[in-house]
Amino acid sequence: WSFKLSYYNEYKSYLSVSKMGRMHTPGKGISQSALPYKRSVPTWQKLTSEEIKETIYKLSKKGLTPSQIGVILRDSHGVAQVKAITGTKILRILKAKGLSSKIPEDLYHLIKKAVAIRKHLEKNRQDKDSKYRLILVESRIHKLARYYKTKSVLPPNWKYESATASALVA
């Protein structure tokens, strides 16, 4: 029994050392998808690089985000990995064409979540849990915005303001 316990503690310490924790939850998040080892174009792939790029441009003009474009290409067109065929990622293809959004997708979705929580709090002022969750979401927004400013994705004077946030998401 003591052997099993020590083995478990060793495994537990491995998890805590190897993976970074989530920001506002206790989870370590060790689950992830496994990409194929072989990075060449599959033999069954019929679409060429140019056809895929044209499809990406068309879907982007409809207003879809890069992750939504990837899901559509995977499910409808049988493209497992765009990077394996085109050599570049979807967002980089869109940036080269000038079709990428002004704010990054993950930041956009956090702002959208904060706007939804604020709208909920206007109707339900007594909801203390939502008020707390709004604080957590907005702290994630500020942290991500700080990161994107250092990487020059956002302009240095960009600032999240709750009053103008609904205009960013609309």
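A: Arginine 133 has a relative accessible area of 39%, so it is partly exposed. Here buried means under 20% relative accessible area, exposed over 50%, and partly exposed in between (1.4 Å probe, protein chains only). This is a predicted model in which local features need pLDDT of at least 70 and side-chain atom pairs count only at pLDDT 80 or more, while totals for chains, interfaces and linings use all residues. Residues are numbered from 1 along each chain as its sequence is written, and side-chain values use heavy atoms, with hydrogens and water left out.

Q: Which residue does arginine 133 form a salt bridge with?
A: The partner is aspartate 129, and the closest N and O atoms are 3.7 Å apart. A salt bridge is a side-chain nitrogen of Lys or Arg within 4 Å of a carboxyl oxygen of Asp or Glu. Aspartate 129 is partly exposed, with a relative accessible area of 44%.

Q: Where do arginine 133 and aspartate 129 lie?
A: Both are in helix H7, four residues apart, which is about one turn of the helix. Helices (H or I, at least four residues) are DSSP runs, numbered from the N terminus. An α-helix has 3.6 residues a turn, so residues three or four places apart point the same way.

Q: How many salt bridges does the count come to?
A: The count comes to three. One of them joins the side chains of arginine 118 and glutamate 138, at 2.8 Å from N to O. Arginine 118 lies in helix H6 and glutamate 138 in helix H7, so this pair ties together parts that are 20 residues apart in sequence. Aspartate 75 and arginine 74 also meet through their side chains in a salt bridge, at 2.8 Å from N to O.

Q: Is glutamate 138 buried or exposed?
A: Glutamate 138 counts as buried, because its relative accessibility is 14%. Arginine 118, at 29%, counts as partly exposed.

Q: Back to H7: what do its buried residues pack against?
A: They pack against helix H6 (105-123). Among the buried residues of H7 are Leu134, Val137, Ile141 and Tyr148.

Q: How many residues has H7?
A: Helix H7 (residues 128-150) has 23 residues and reaches 34 Å from its first C-alpha to its last. That is close to the 33 Å expected at 1.5 Å a residue, where the expected span is 1.5 Å times one less than the number of residues.

Q: Which residue takes a positive phi just after H7?
A: Serine 152 does, with a phi of about 60°.

Technical notes. Helix = DSSP H or I, 4+ residues; strand = E, 2+ residues; numbered from the N terminus. Contact = heavy atoms within 4.5 Å.
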